[in-house]
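Subject: Handing over the structure

Hello,

Please find the structure below for you to look through. My notes on what was found in it come after.

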Amino acid sequence: MDSPLDSVALFHIGPVAITQAILTTWAIMAVLVLGAYLLSRNLVLMPSKRQAALELIVSTIDIQIRETTGAEPAPYRGFIGTLFLFILVANWSSLLPGVEPPTATLETDAALAVLVFLSVIWFGVRGTGWGGYFRSFAAPNPVMIPLNMMESITRVFSMFVRLFGNVMSGVFVIGIVASLAGLLVPIPLMALDLLTGLVQAYIFAVLAMVFISATVEDGRPETADADPSTPSREMER
Amino acid sequence: MDYLSIASIFCAAFAVSFGALGPALAEGRAVAAAMDAIARQPEAGNTISRTLFVGLAMIETTAIYCLVIALLLLFANPLLG
């Protein structure tokens with residue numbers, strides 16, 4: 001049986017080995033980008049059916065961002081939405097015969113986790129400046145600085161192993177069952193895999209959003225938090 | 001087959017079996033608590049089940065970690081070379 005931990009190169013372009021995961025990833029990227037371009041080419045004020053469906057997706061993502069973190073969704077919509085849609089399509093690409101989801105390989109998940117790690121820095125710095133970003137490490141009090149620094153790496157690592165483990169175990173179990181029983185028996189497991197894929201995509205996106213908004217919140221200067229309470233105190237006097 | 005690979009296989013089996021125990025108990029408790037909450041307050045069912053799914057996936061992650069360790073032992077054992 002093939003190890004689920006290494007990936008086999010299909011062919012080489014110069015020194016670069018091309019695996020099946022890379023081909024699938026690029027195919028998914030092409031489908032998503034082309035689809036987004038074609039579907040959103042002529043948007044009108046009175047939405048057609050197609051545009052209403054697109055708006056439903058966008059507004060659902062907005063609602064989820066607002067509900068889970070309370071942040072204004074506008075700056076995060078693009079990144080979080082793309083992350084969710086890409087992982088969802090990647091997880092569900094196993095429905096096509098012969099396609100193994102790219103998220104079932106270590107490299108894709110590691111790349112996604114690195115993206116989240118960098119985006120936490122990017123949004124943290126953009127939200128509150130470098131000072132605010134570094135202040136976010138001393139969030140409850142400065143004693144926590146080493147722990148917070150370690151956490152910023154381990155939480156991303158755990159996201160990566162979570163996504164990889166869940167998707168890979170689904171593929172692995174279906175492979176084992178298919179080799180034992182063949183036709184029709186793996187279908188309930190594949191249905192379960194669809195649910196797992198959806199939930200994992202949701203969790204990945206929500207966790208990325210939570211990490212980003214926690215960094216932005218912790219980076220805010222103390223005075224901004226105290227502002228709303230000051231007038232009420234004066235009124236009491 | 002030397003002792004190292006036999007030990008690896010046993011440890012992989014133990015990692016998966018004991019790693020499945022805790023999450024199974026925890027998921028049972030979580031689902032029971034969610035059922036209780038939905039029975040008391042059916043109108044909050046949507047929020048509860050969404051949070052339940054996320055929580056279940058989080059709990060399940062601990063079992064997945066054990067599975068990854070087991071697969072590392074079986075397929076990518078650094079000691080076996």
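The notes go from the whole chain to its parts and end with the contact between chains.

This is a predicted model, in which local features need pLDDT of at least 70 and side-chain atom pairs count only at pLDDT 80 or more, while totals for chains, interfaces and linings use all residues. Residues are numbered from 1 along each chain as its sequence is written, and chains are lettered from A and ligands numbered from 1 in the order in which they are written.

Chain A as a whole

Chain A has 8 helices and 2 strands; helices (H or I, at least four residues) and strands (E, at least two) are DSSP runs, numbered from the N terminus. Their order along the sequence is β-β-α-α-α-α-α-α-α-α. Of the 237 residues in chain A, 28% are buried (20 or more other C-beta atoms within 10 Å of the residue's own, with C-beta atoms placed from the backbone).

The two strands

β1(A) (residues 9-13) and β2(A) (residues 16-19) pair in the antiparallel sense over 4 bridges; strands pair if DSSP finds at least two bridges between them. A:A9 is opposite A:T19 of β2(A). The hairpin has 2 residues between its strands, and A:G14 takes a positive phi near 60 degrees there.

Two packed helices

The axes of α3(A) (residues 77-92) and α6(A) come within 9 Å and cross at roughly 160 degrees. Axes are lines fitted to C-alpha atoms, for helices over the stretch in contact, and angles run from 0 to 180 degrees between N-to-C directions. The two helices α3(A) and α6(A) are therefore roughly antiparallel (an angle over 145 degrees). Residues that make the contact include A:I80, A:L83 and A:F84 of α3(A), and A:L194, A:G197 and A:L198 of α6(A). Residues are in contact if their C-beta atoms, placed from the backbone, lie within 7 Å. By class, this contact has 14 nonpolar, 3 polar and no charged residues (Ala, Val, Leu, Ile, Met, Phe, Trp, Tyr, Cys and Pro are nonpolar, Asp, Glu, Lys and Arg charged, and the others, Gly among them, polar).

Chain A against chain B

Here 12 residues of chain A are in contact with 11 residues of chain B. On the side of chain A that touches chain B, α5 (145-181) and α6 (187-219) each supply at least two residues. α5(A) gives the most, with 5 residues. That side of chain A divides into 6 nonpolar, 5 polar and 1 charged residues.

Regards

Key
Two residues are in contact if their C-beta atoms, placed from the backbone, lie within 7 Å. Angles under 35 degrees count as roughly parallel, over 145 as roughly antiparallel, 65 to 115 as roughly perpendicular and the rest as oblique. A residue is buried if 20 or more other C-beta atoms lie within 10 Å of its own, exposed if 12 or fewer, and partly exposed in between; C-beta atoms are placed from the backbone.
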